[in-house]
Amino acid sequence: MGETRDALADKVTRTGKALYADATQAVHNADASAPAAAAQAPARGLPTCPTAWASGPECRPGALCAGARPLCCTYLREAGETMRALTYHGAHDVRVDTVTDPILEEPDDLILRVTATAICGSDLHLYRGKIPAVEDGDIFGHEFMGVVEEVGTGVTAVQPGDRVVIPFVIACGSCFFCQQDLFAACETTNTGRGAILNKKLIPSGAALFGYSHLYGGVPGGQAEYVRVPKANTGPFRVPGTLSDEKVLFLSDILPTAFQAVKNTEIGQGSSLAIYGAGPVGLLCAAVARMLGAERIFMVDHHPYRLAYAQQAYGVIPINFDDDDDPADTIIRQTPGMRGVDGGSMRWASRPRAAPPKPCWPRSSSRAAAARPCASASRQHGAAVWSVCRGCIRGSSTASCSAMRSTRA
């Protein structure tokens with residue numbers, strides 16, 4: 001029989017320690033100059049530091065390295081070491097546990113030292129036990145960034161020491177959908193079924209970090225370290241002049257908001273309705289202002305959110321606890337009672353597979369259109385909040401120009 005996993009890990013650890021000690025001795029015996037140290041590296045089969053790392057007198061270009069890391073690096077980790085990570089143990093039970101460090105598994109993997117991470121509203125679905133296929137010990141987190149610690153032999157896009165943001169979607173970059181820049185529909189990275197609840201053989205969407213085994217079961221970024229697959233496609237470098245807090249949102253919520261607003265095709269002087277004043281909704285308002293929207297309606301039931309949105313982005317707030325027909329309220333404040341030019345929302349559920357039906361009969365009047373639209377949206381899982389030109393033409397909820405929205 002082969003060696004046990006523990007025995008193999010112990011052997012790797014001992015080998016790593018021996019290599020580290022050997023490399024350390026080589027540096028101490030070498031000349032003080034970096035070129036002299038570098039000259040000895042090939043003879044010992046040891047790589048040299050590509051850049052000056054942040055600590056120790058031996059942290060300089062050309063210093064001998066142990067394995068793929070500089071021997072002087074403060075983040076040098078050995079095989080079998082552990083880290084802290086947020087793990088799932090059942091509904092409403094998450095804990096910061098000690099778990100084994102991630103390792104490179106494929107040539108195009110990288111290991112990231114996480115410097116900033118966030119809790120997404122979607123994580124609350126996991127926390128509350130509403131998402132299937134979440135297993136005990138799963139690590140959450142799909143909004144994170146950090147410093148590249150180690151790269152596989154096939155990684156060419158980034159290198160150790162690079163500061164990068166990691167998109168929450170894991171995409172291969174080469175399949176049919178990736179070639180169309182539809183990375184969330186990547187056909188190759190997800191071994192789970194995603195949101196496909198029927199038996200059709202259509203491929204599932206891309207794998208996601210830390211979001212159940214429906215989306216690949218890939219450990220997430222609410223941890224000290226994380227393995228990032230497909231490192232030539234997703235990670236992108238960010239300038240060192242920008243703080244983590246200024247670029248972390250590029251991992252998920254800012255692109256989500258930007259795409260939602262772009263999908264509405266609004267322009268200068270247009271109007272927009274946003275349902276949900278959470279972080280994505282607020283960023284939708286910010287993007288809409290940037291793109292020239294003149295009138296923004298925001299619907300929510302948290303007064304503090306609506307107050308902030310009104311103060312920061314000049315939205316017209318509508319509290320649905322106080323207003324039982326926000327769509328009618330919006331319509332009455334638009335020119336000709338035609339409704340807004342676009343709409344965006346944070347989806348709470350995915351559309352059902354029901355056949356589309358007209359938002360309201362062609363013979364109906366505009367003034368009576370709001371409730372049929374809302375009824376259709378509830379029936380078909382679509383997101384229609386006001387009467388638009390599409391509804392007036394009698395189009396279906398599947399093509400209504402007011403329902404262009406985003407899904408999380």
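Which side chain meets R227 in a salt bridge? I looked, and R227 pairs with E105 at 3.6 Å, N to O. My cut-off for a salt bridge is a side-chain nitrogen of Lys or Arg within 4 Å of a carboxyl oxygen of Asp or Glu.

Ground rules before I go on. This is a predicted model, where local features need pLDDT of at least 70, side-chain atom pairs count only at pLDDT 80 or more, and totals for chains, interfaces and linings use all residues. Residues are numbered from 1 along each chain as its sequence is written, and side-chain values use heavy atoms, with hydrogens and water left out.

**Salt bridges**

I get 9 salt bridges by that rule. R227 sits in strand β10 (residues 225-228) and E105 in the loop between β4 (94-100) and β5 (110-117), so this pair ties together parts that are 122 residues apart in sequence. Strands here are DSSP E runs of at least two residues, numbered from the N terminus.

I checked accessibility too, calling a residue buried under 20% relative accessible area, exposed over 50% and partly exposed in between (1.4 Å probe, protein chains only). R227 comes out buried at 17%, whereas E105 is exposed at 53%.

Next I looked up D108, which forms a salt bridge with K230; the closest N and O atoms are 3.7 Å apart. This pair also links distant parts of the chain, with D108 in the loop between β4 and β5 and K230 in the loop between β10 and β11 (236-237), 122 residues apart. K230 counts as partly exposed at 28% relative accessibility.

Then R305 and D300: their side chains meet in a salt bridge at 3.5 Å, N to O. D300 is buried, with a relative accessible area of 4%, and R305 is partly exposed at 25%. I also noted that salt bridges with shared partners join E105, D109 and R227 into one network.

Where does β10 sit in its sheet? I traced an open sheet of 5 strands in the order β10-β5-β6-β7-β11, with antiparallel pairing. Two strands pair if DSSP finds at least two bridges between them. β10 and β11 stand at the edges with a single partner strand each, so one side of each is left without a neighbour in the sheet.

How many bridges join β5 to β10? I find 4, and the two strands run antiparallel.
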